[in-house]
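Subject: Structure handover

Hello,

Here is the structure for you to look at. My notes on what was found follow below it.

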Amino acid sequence: MICMSNRLPAALLDRIHRRFPTVTDQLRFGSIAIDFTRVADPNRVLDEVAAEEDRREKSDGVRHQEPLHLPYWAEIWDSGGGIAQHLVDRWRTRLAGKSVLDLGFGQGLAGCVAAACGARVLFADLESPALLFARFNGSRISSRIRTRQLNWQTNRLGEMFDLIIGADILYERSQWTHLEPFWRAHLATGGTVVLGEPGRPTGDDFANWIKARGWALDIAVQPVSTRGKPIRVLEVYPQT
């Protein structure tokens, strides 16, 4: 089991437990095993968000025009496990000392596995609770992890990465036109974007869309234990 220190960040866990009941599992990806803490009941988090929206409407009598802010981060998506296994199977010997950006990471599973393989990992997401979970989970594995609140539509980080990973971030077509320039702004020379995708029609369309914009694409299938159908893993990199 990977454990860089027995001094767990109790303050972070206390902050998490003020809002969320959790469970901790030991997850294994090949020879890599990590202790991973997650939201015990993602549906409860969704119910709380919906209830808060109802309270807002009742308090001001207005149905708000912006869409309901759904807590996608609270679910452990199959694509996260697929990327994690893919990193161990195909990238492990290349990750030591490399810089990795885990973008829109949920609770940090794939990035934690990258850190366990020796990478320096930055977790970047818009959601504060997701950042809190990633910071806690990552700190038990490595001192080489950071977190940053980020809106990829408008923000830039001012640094480059050898690997950018994203689990299930392609489902909304409207995001592609924001993600593609974000990747160009942050991918180091010779770097790769690794994306997990569960087989949605948008995933099929994305392949042609990204190639038309000057990127090369390799597609692998990655079996995962959480579902019968494998995850598609897309490795995207600028054409030379």
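Glutamate 197 and arginine 232 are both buried (under 20% relative accessible area; over 50% is exposed and anything in between partly exposed, with a 1.4 Å probe and protein chains only). Salt bridges with shared partners bring Glu197, Asp204 and Arg232 together in one network; a salt bridge here is a side-chain nitrogen of Lys or Arg within 4 Å of a carboxyl oxygen of Asp or Glu.

This is a predicted model, in which local features need pLDDT of at least 70 and side-chain atom pairs count only at pLDDT 80 or more, while totals for chains, interfaces and linings use all residues. Residues are numbered from 1 along each chain as its sequence is written, and side-chain values use heavy atoms, with hydrogens and water left out.

Salt bridges

The structure holds 8 of them. In the one between glutamate 197 and arginine 232, the closest N and O atoms are 2.6 Å apart. Glutamate 197 belongs to strand E7 (residues 187–197) and arginine 232 to strand E9 (residues 231–238), so this pair ties together parts that are 35 residues apart in sequence. Helices (H or I, at least four residues) and strands (E, at least two) are DSSP runs, numbered from the N terminus.

Aspartate 205 and arginine 173 also form a salt bridge, at 2.1 Å from N to O. Their pair links distant parts of the chain, 32 residues apart: aspartate 205 is in helix H7 (residues 201–211), and arginine 173 is in the loop between strand E6 (161–167) and helix H6 (176–186). Aspartate 205 is partly exposed at 33% relative accessibility, as is arginine 173 at 45%.

Within helix H2 (residues 42–60), glutamate 48 and arginine 44 are 4 residues apart, which means about one helical turn separates them. Their salt bridge has its closest N and O atoms 3.3 Å apart.

Strand E4 (residues 120–125) has 5 of its 6 residues buried, so the rest of the structure largely encloses it. Strand E3 (residues 99–103) runs parallel to E4 and is joined to it by 5 bridges, with valine 100 opposite valine 121; strands pair if DSSP finds at least two bridges between them. E4 also pairs in the parallel sense with strand E5 (residues 145–149), over 5 bridges. There, leucine 122 has arginine 146 as its bridge partner.

From E4 the chain crosses through helix H5 (residues 128–139) to E5 in a right-handed β-α-β crossover (clockwise from the first strand over the helix to the second, with the strands pointing away from the viewer). E3, helix H4 (residues 109–116) and E4 likewise make a right-handed β-α-β unit.

Regards
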